[in-house]
Amino acid sequence: MTMPSEAPKEAFRLSQLIYDTRYRSMTIQIFAMVALMLMLSWLISNTIQNLQALGKDFDFGFLSQPAGYDINQRLVEYSSQSTHGRAALVGILNTILVAFMGCALATVVGVFVGVLRLSKNWIVSRLMAVYVEGFRNVPLLLWIIAIFAVMSESMPQPRAFREGGGASMLFGESVAVTNRGVYIPAPVWGAGSSILIAVFVLSIIAIIAFRRYAAKRQEATGDILPVFWISVGLFFIPSVLFYFILGRPVSLEYPELGGFNFGGGIHLRNSLIALWLALSLYTGAFIAEIVRAGILAVSKGQTEAAFALGLRPNRTMSLIILPQALRVIIPPLISQYLNLTKNSSLAIAVGYMDVRSTLGGITINQTGRELEGMLLLGLFYLLLSLFISWVMNIYNNSKKLKER
Amino acid sequence: MKKTVLFGAMAVAGLAAGAASAATLDDVRAAGTLRCGVSTGLPGFAAPDANGVWEGFDVAVCRAVAAAVLGDANAVDFSPLTTQVRFTALASGEIDLLARNTTWTFSRDVDLKNEFVGVNYYDGQGFMARRDLGVTSAKELDGATVCIQTGTTTELNLADFFRTNNISYEPVPIETNAEAQQQYLAGACDVYTTDASGLAATRATFENPGDHVILPEIISKEPLGPLVRHGDQDWGDIVRWTLNGLIAAEELGITSANVAELAAGTNNPEINRMLGSEGELGAMLGLDADWLVNVIGSVGNYGEIFEANIGESTPIGLARGLNAQWTDGGLLYSPPFR
């Protein structure tokens, strides 16, 4: 009988780095890391070398030089004597403005169309299908240009609004739709308007507090308060009351034709409108599909169970279906918001002065700082996208399935 | 996250990596074609004709350089460039020569690291408006909407002009001349401003050119000229002296018709030096002795190019004005070929 001899302790061999699973992953990671570092150092040295060959340096000092050019849409004070940094800020705000407006409208359109596409009415659901397929299968750039062209070619010129010009303002002489954009009345904040705003904010807080109280009471006693009507009342009555008590502090400034253009009011430029509508309708088509998928993902049994408990259809939708559908909807929705934000750089097609046009366009062209400008531009879009996904992730976490 | 940064850096480095090597002349010879950046379409200066062949005043500069270097005026690859991308295209080595009615300014020459080789058209910025607006002076344009090509000197002049005259305006930024034309004709802007020559060229293509006036104010100096990358002086010399050759040829009476005859030798030593029958000017540039014979034989002299593309006999109808020879009271003055 032979005794089972103990397996001899093997010495470490180099081939183990490849064939031994204990070491293999480490080996691969180290090689990948080295390759990555080599590539990075090559990129950097190549950039430095080429900058030297062109006789250029790497310097962000241009941001404090006077820009010298004018920007038509400014959300903050800016003139041609302001710095390139300021011009970049104006562009950044314009980008954020159109991205925010776009996300809001796209969500509304998307939810609306997504729900209607599931309608049992054949015409409605087909119409929505046509919208979705039409917008999502044609490049966004074409939609932007198409809307812009329609606005600038077919709307009347401002001088057509003069006597006998054949064009007239809408909504009681308050809105003018021209081929240079839409002019709407602007609010003028007079003395005491800050009190009015405070009252409005307070009534919003009151609505939220009341709703919490009503929900608690319903859980405790089963009594249902008329939440909707009381909310509506709280929303309007205090503000309207104080508006008159304070002697109408907020008035409207109407656009008026003077000289070459309309003056006064708020000027929504064609470029903004074209970009906003095209982005919203295009992204809205994608969101509609996401919403439809989300609703269809909730099993039919849920609806049937709710009906069996005696819940009415609209309550079933708001209490049973939508909360569950949201869990499916939100993650892809974040991607759509990011897409919309980045697609807003297509502003170049219609001359909307977003950050790509100011910092990434004119500033780069006037100062010759391509590398610096593009890096800043990339960094801005990166930060904005990360910020949007951070905010949306907070929302997602509040809605997702709580596992306990 | 890390990957995003990496790819971003790669893209940037990729842009920079295209930067050109030193000897542009060798590159052009090896490629067999000259890569020339031109306007995206400005009638008379650079526009494709019905057959898709580029022609115009700026295009002629490209063709002249191609004739000088390669002996073939048609060996040119044209890149239509917008005002915004033109300098990047040149700096990155995508093109060898930019002839795109580009204004010679200090910062473009010094800070943007371009090398302007001369001036082929002395221009100034003007305004065009509809006749029925009744505007007679640019100072009456308070509150007007102005179409302006972005990334140009005109954009900066415009801001300065309105600021110093204390009047306001609404800029409508556009990318190309064609886009400006469409916006202006649709009435989306009251006024179009660019170099006066460009206005004349654009107006010539309108259905009713008479309905539009070019306002009397010329608000800036716009010396337009071809440019090359900084750092290759030899290549800069070739383009500079090709342009000077075109100008000197007009002054000395060398035309496309008589250049072959004059090349055999004349009793004017400067003509002989230019056309290669005396001295070695061509060899000094690294070119053939008959380089200017090729140039003038294929595109003509400065005056011929001017008349054929933008002169008074064309629809654009520009007078020589500042662009006459110095002997006729203009600013064209070529240094001597010696």
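In what order do the five strands of the open sheet in chain B run? Hi everyone, the answer is β10-β9-β11-β8-β12, with mixed pairing. Strands here are DSSP E runs of at least two residues, helices are H or I runs of at least four, both numbered from the N terminus, and two strands pair if DSSP finds at least two bridges between them.

A word on the source: this is a predicted model, where local features need pLDDT of at least 70, side-chain atom pairs count only at pLDDT 80 or more, and totals for chains, interfaces and linings use all residues. Residues are numbered from 1 along each chain as its sequence is written, chains are lettered from A and ligands numbered from 1 in the order in which they are written, and side-chain values use heavy atoms, leaving out hydrogens and water.

Now the disulfides, meaning cysteine sulfur pairs within 2.5 Å: the count is two over all chains. Cys36(B) is joined to Cys62(B), S to S 1.9 Å, and both are buried (under 20% relative accessible area; exposed is over 50%, partly exposed in between, with a 1.4 Å probe and protein chains only). The other joins Cys147(B) to Cys189(B), S to S 2.0 Å. Its S-S torsion is about -95°, so this disulfide is left-handed. Thanks, everyone!
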